[in-house]
Amino acid sequence: MPIASEACFTIKEHVNCVEARISKLKKINYFPEINLNAIRFIENNLSKAWASTMKHVKESVQRYDLNFDEHLSPDDKCVSPSDFGFHNAILKKGTDELYFIDFEYAGIDDPAKMVCDFFCQPEVPVPFKYFDSFVNTVASVSANPERLKQRIAILLPVYRIKWCCILLNEFLDIGSEKRNFAHEKNNSDKIKLEQLEKARRYLKSSYIKIN
């Protein structure tokens with residue numbers, strides 16, 4: 001199978017992926033005015049949250065005696081839908097069977113990323129009370145269950161920041177291209193405002209820090 005979209009196989013790769021997104025956001029145009037509001041949010045809120053997250057990552061890597069550059073072995077990797085969540089699921093009528101339908105970005109990936117994406121994607125939030133059960137189930141088929149749990153503990157805040165960045169994609173060229181394709185160009189400022197408010201709420205939302 002191919003490598004999944006934005007697949008990461010070291011802690012450093014996970015971190016670099018998010019840093020690249022933040023760097024792109026810092027380069028958005030200063031006009032129109034809604035962009036200025038986004039820039040202030042990125043500089044005053046998102047960047048500070050990222051600095052705090054990196055402090056958590058460095059301390060946790062040291063505590064768990066891990067290596068930023070340690071590459072996952074083939075046995076530690078998994079086949080992932082990549083965009084994994086209930087926003088891409090259909091419940092079969094009259095049953096309790098769920099079907100996941102979006103495999104556009106699927107491929108080989110780090111199972112820690114799959115877990116973090118599942119609990120961080122904002123479209124259909126998964127209650128955190130199911131976190132331990134989900135992690136234990138995934139870890140039960142891992143070649144290194146304890147190491148997987150440690151990577152998840154390190155990376156969950158990283159992926160919170162990543163999904164906050166994804167909510168701000170509307171301010172990047174990729175957001176404009178999608179909007180033009182969907183014939184929504186005239187609603188640009190409205191859509192940007194909605195996404196900025198979503199990002200504000202998302203960054204403020206609390207989550208349980210794992211030890």
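## Surface and burial

The accessible surface of the protein chain comes to about 12200 Å², and carbon and sulfur atoms account for 52% of that area. The model is predicted. Of the 211 residues in the protein chain, 46% count as buried.

## Overall dimensions

Along the principal axes, the C-alpha atoms of the protein chain fill a box of roughly 50 × 50 × 35 Å.

## Secondary structure and contacts

Seven helices and four strands make up the elements of the protein chain. Read from the N terminus, their order is α-α-β-β-β-β-α-α-α-α-α.

How many of the contacts between residues at least 6 apart in sequence join residues at least 24 apart? In the protein chain, the share is 75%.

## A nonpolar surface patch

Phe86, Leu91, Leu98 and Val124 make a nonpolar surface patch of about 330 Å². One of these residues, Leu91, lies in strand S2, which covers residues 89–91.

Is Leu91 buried or exposed? Leu91 has a relative accessibility of 53%, and exposed means over 50%, so Leu91 counts as exposed.

Definitions and conventions: Residues numbered from 1 in each chain as written. Predicted model: local features only at pLDDT ≥ 70, side-chain atom pairs only at ≥ 80, totals over all residues. Heavy atoms only, no water. Patch = residues over 30% accessible without salt bridge, like charges linked within 9 Å, V, L, I, M, F, W, Y side chains within 5 Å. Areas by Shrake-Rupley, 256 points an atom, 1.4 Å probe, with all protein chains shown as cover. Salt bridge = Lys/Arg side-chain N within 4 Å of Asp/Glu carboxyl O. Helix = DSSP H or I, 4+ residues; strand = E, 2+ residues; numbered from the N terminus. Buried < 20%, exposed > 50% of the residue type's maximum accessible area, 1.4 Å probe, protein only. Contact = heavy atoms within 4.5 Å.
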